[in-house]
Amino acid sequence: MKLISSNLLLSRFVKYAQFAALCCVVCQVTANDDSKLEEMFVTGVRTERLAKIPKSVAVITQDDISAAAATDLASLLAQEANLEIRSVTGNDKFSGIDIRGQGDTFSSNVLVLVDGVRLNAPDLSGADFSAVSLGQIERIEVIRGGGGVRYGNGAVGGVINIITKDAKAKGMMLDASASYGSFNTAESRVSFAASGQKAGLKLDAVIFDSDGFRHNGDLRKDDFSARLRYQPATWLELDLLARYHKDRYGLPGSISRQAFLQSSLSRRQSQNPDDRGDTTDRRYRAKITAQLAAFGKLSILGDYRSRDNPFVIGFSPLLTVADQQSKIHENSSTLELNYEFARQLGDFELNFSGGLSRYRSRYGQRRNGVSLVDQSEFFPGSIDNQSGFADARISYVDILALNVGYRKDVFDLKRRDERLREFCDFETVTVQIPQVIPFIGTIFRSVDTVVETNCRNEFEITNQSTPRWRNEAYEVGLVVTPIRSLNIFVSHSRSFRNPNVDELTLGAPDLGPQTGIHWDVGFRLSIANALELSAALFKIDVENEIFFGFDPASSQNLNLNLDGSTNRRGGEVELRVKPHRLIRLWASYGFVKATNEDTGFAVPLVAEDTFTLGGQINTDNGLSLQCVARYVGPRFDGNDFNNRTFREVDSYAVLDAKLSYSFDRYFVSIGANNLLNEIYATSVYSGTYFPMPERNLFASVGISL
């Protein structure tokens with residue numbers, strides 16, 4: 001398969017840019033000084049205006065979340081340009097978001113932050129979206145492209161920064177809501193906030209229970225969080241946060257294409273009715289921020305995470321659950337010291353931020369219990385990641401902004417493979433062996449023999465490694481603002497990603513980090529509350545990309561570094577218009593072409609085209625209707641590395657709708673996901689499908705006091 005030509009890419013971009021421009025004319029909007037580009041945006045440790053960021057970004061506000069027809073975080077994010085949902089369960093457990101065509105390794109190439117702390121696990125499971133309820137979120141910020149300077153390891157395709165609610169306004173507030181829908185899905189949420197002159201407290205509790213679309217596709221989760229802000233002085237603030245997440249889930253597995261196409265009943269069936277797991281995830285965070293007046297701002301952040309995840313895949317009735325259960329245990333901690341400084345020098349403004357961070361993780365995975373000789377395995381490991389960065393921006397009277405940054409990263413990993421073996425001591429003993437001799441009779445002979453004694457089962461180290469990887473990231477970006485409502489940006493950056501512990505367990509001996517070179521160019525236009533238009537083109541070249549495929553040296557499938565460069569070319573266009581104060585319309589288009597330079601083969605599970613079209617109509621009496629349609633183009637099977645082994649995965653289009661009514665302190669809503677009952681799958685491997693839910697309905701009620 002040939003790489004897409006620059007002319008074709010440019011023609012697609014121009015085509016959709018012309019369409020967006022035509023929409024602008026039709027809306028007949030009038031510019032004023034209330035530009036959307038004044039909105040503040042959190043990037044790493046620094047809060048800055050959206051107009052100063054040389055990246056393609058998207059912001060999902062609390063109002064967007066409240067009105068959305070999407071009922072989970074992954075489905076909500078999938079409405080943005082070049083963000084594609086991937087799921088193997090049909091719910092938000094083991095669902096994720098691919099940004100700009102990362103393919104099957106999206107979970108390690110897209111970084112997800114919650115209140116500035118990584119949600120990604122150090123293994124292949126990535127970020128657990130089921131641990132974040134939509135009702136807890138204040139806003140979501142999506143930064144597409146490389147973010148290695150600000151965020152470090154794994155910020156390749158993009159960064160999703162989730163900011164949760166806290167108690168800001170003075171007084172007390174109580175929110176409660178309940179919802180019920182198809183597949184016996186019920187959710188209850190209670191939130192309490194109290195705030196005074198110096199302190200604020202926020203408590204949240206969410207209970208979710210669903211049988212799921214498929215047999216053994218159930219999910220139950222309990223989430224509790226407490227957040228305390230205390231400001232003993234005007235220049236000092238303490239922010240404490242504790243979260244507890246517990247879930248229990250089924251793993252229905254994949255089905256054949258024949259079963260996928262046959263009927264709704266066959267799609268609901270599971271070949272793995274006894275495969276199950278549960279997760280207990282505890283997180284504690286503390287942040288101290290000191291405003292040092294003319295000397296800038298200093299913050300110290302500490303985070304601790306403890307996660308346990310026992311599960312059974314491939315259940316056998318011939319064994320006890322204990323003998324076939326696998327279990328993941330993780331203890332991770334983060335310590336960050338960040339400094340921010342701003343100074344006005346005539347017509348120039350200097351903003352500087354820098355920091356040091358240390359991430360440590362102790363990780364262990366057991367497979368097949370702990371007592372099966374030659375089958376039970378243990379994979380312990382530890383990560384010690386230290387890094388430092390510096391980032392600066394020089395602005396000239398809100399017309400030009402030059403951004404430069406650099407990060408140095410040292411990643412130490414220790415890991416080993418262990419397998420349960422039987423060991424015995426050997427001892428030489430003398431035994432008397434009877435021997436019958438004719439005419440003489442029986443005589444006894446002394447014979448020395450070796451016997452096994454003190455036999456016991458112990459785990460034997462079969463492999464171990466202690467790699468150290470040194471990486472660096474840099475970024476240079478320029479933003480030009482010819483008028484207040486328009487800025488044009490270009491940026492060049494370098495990202496990196498280290499192999500995770502699961503990839504090393506089944507990896508080639510020389511498996512190492514990948515590096516990415518990024519180019520972005522685009523613009524943002526915002527006119528009052530009537531129009532927002534943004535467009536960007538990007539180019540990503542990844543060297544030594546970490547990929548699961550066939551290794552000729554060992555004649556087996558392993559995680560390895562691909563030869564040559566993996567190239568991604570594409571762009572995104574996003575348009576939001578408000579032709580009337582009660583009407584909002586939006587559309588987004590994403591295009592990405594991901595291919596290997598040496599072979600020309602496309603990266604599996606990457607759709608070239610994605611499109612979203614949405615609209616919302618409000619009334620003065622509190623009634624609101626929202627409809628959102630998402631289209632995802634065809635993709636290659638997840639194991640179709642040469643693009644011709646398996647059938648191409650079909651495109652799909654999904655329509656979601658929600659009708660809401662709010663009055664006084666109450667609200668009610670009804671809605672439908674997949675209203676047109678599209679039959680589709682986001683994950684397909686070797687011709688087997690993981691079906692997504694068919695048409696499903698929901699209703700909710702709530703009160704705010």
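# Reading contacts, charges and backbone in a predicted model

Author: Start with Glu377, which counts as buried at 14% relative accessibility. Buried means under 20% relative accessible area, exposed means over 50%, and partly exposed lies in between (1.4 Å probe, protein chains only). The model is predicted: local features need pLDDT of at least 70 and side-chain atom pairs count only at pLDDT 80 or more, while totals for chains, interfaces and linings use all residues. Residues are numbered from 1 along each chain as its sequence is written, and side-chain values use heavy atoms, without hydrogens or water.

Reader: Which side chain meets Glu377 in a salt bridge?

Author: First the general idea. Side chains of opposite charge can pair when their charged atoms come close. The cut-off here: a side-chain nitrogen of Lys or Arg within 4 Å of a carboxyl oxygen of Asp or Glu. For Glu377 the partner is Arg419, at 2.7 Å, N to O. Glu377 sits in strand 20 (residues 377–396) and Arg419 in strand 21 (residues 400–437), so the pair ties together parts 42 residues apart in sequence. Helices (H or I, at least four residues) and strands (E, at least two) are DSSP runs, numbered from the N terminus. Arg419 is partly exposed, with a relative accessible area of 23%.

Reader: How many salt bridges does the rule give?

Author: The count comes to 48. Take Arg227 and Asp239, whose side chains meet at 2.9 Å, N to O. Arg227 belongs to strand 13 (residues 219–233) and Asp239 to strand 14 (residues 236–250); the two are 12 residues apart. Arg227 counts as buried at 7% relative accessibility. Asp239 is buried too, with a relative accessible area of 4%.

Reader: Which residue pairs with Arg267 in a salt bridge?

Author: Glu694, with 2.6 Å from N to O. This pair links distant parts of the chain, 427 residues apart. Arg267 is in helix 7 (residues 264–268), and Glu694 is in the loop between strand 36 (688–691) and strand 37 (696–704). Arg267 is buried, with a relative accessible area of 8%. Glu694 is buried as well, at 6%.

Reader: On to rings. How many aromatic pairs does a search of the whole structure find?

Author: It finds 11. Rings of Phe, Tyr and Trp (its six-membered ring) pair if their centres lie within 6.5 Å; planes under 30 degrees apart are stacked, over 60 edge-to-face, and the rest tilted. Phe547 and Phe641 are an edge-to-face case: 5.3 Å centre to centre, with 70° between the planes. Phe547 lies in strand 27 (residues 546–551) and Phe641 in the loop between strand 32 (623–632) and strand 33 (652–663), so this pair ties together parts 94 residues apart in sequence. Phe547 counts as buried at 17% relative accessibility. Phe641 counts as partly exposed at 27%.

Reader: Why is the pair of Tyr685 and Phe690 edge-to-face?

Author: The ring centres of Tyr685 and Phe690 are 6.3 Å apart and their planes stand at 85°, so the pair is edge-to-face. Both Tyr685 and Phe690 are buried. Elsewhere, ring pairs link Tyr661, Phe663 and Tyr666 into a cluster.

Reader: What about the backbone: is the phi of Asn82 positive or negative?

Author: Most residues other than glycine have a negative phi, and most peptide bonds are trans. Asn82 has a positive phi of about 60° although it is not a glycine. Asn82 is in the loop between helix 3 (73–77) and strand 4 (83–87). At 5% relative accessibility, Asn82 counts as buried. Asn677 also has a positive phi of about 60° and is not a glycine. Asn677 is in the loop between strand 34 (666–673) and strand 35 (681–685). Asn677 is partly exposed, with a relative accessible area of 27%.

Reader: Last one. Where is Glu597 found?

Author: Glu597 is in the loop between strand 30 (583–596) and strand 31 (609–618). At 47% relative accessibility, Glu597 counts as partly exposed.
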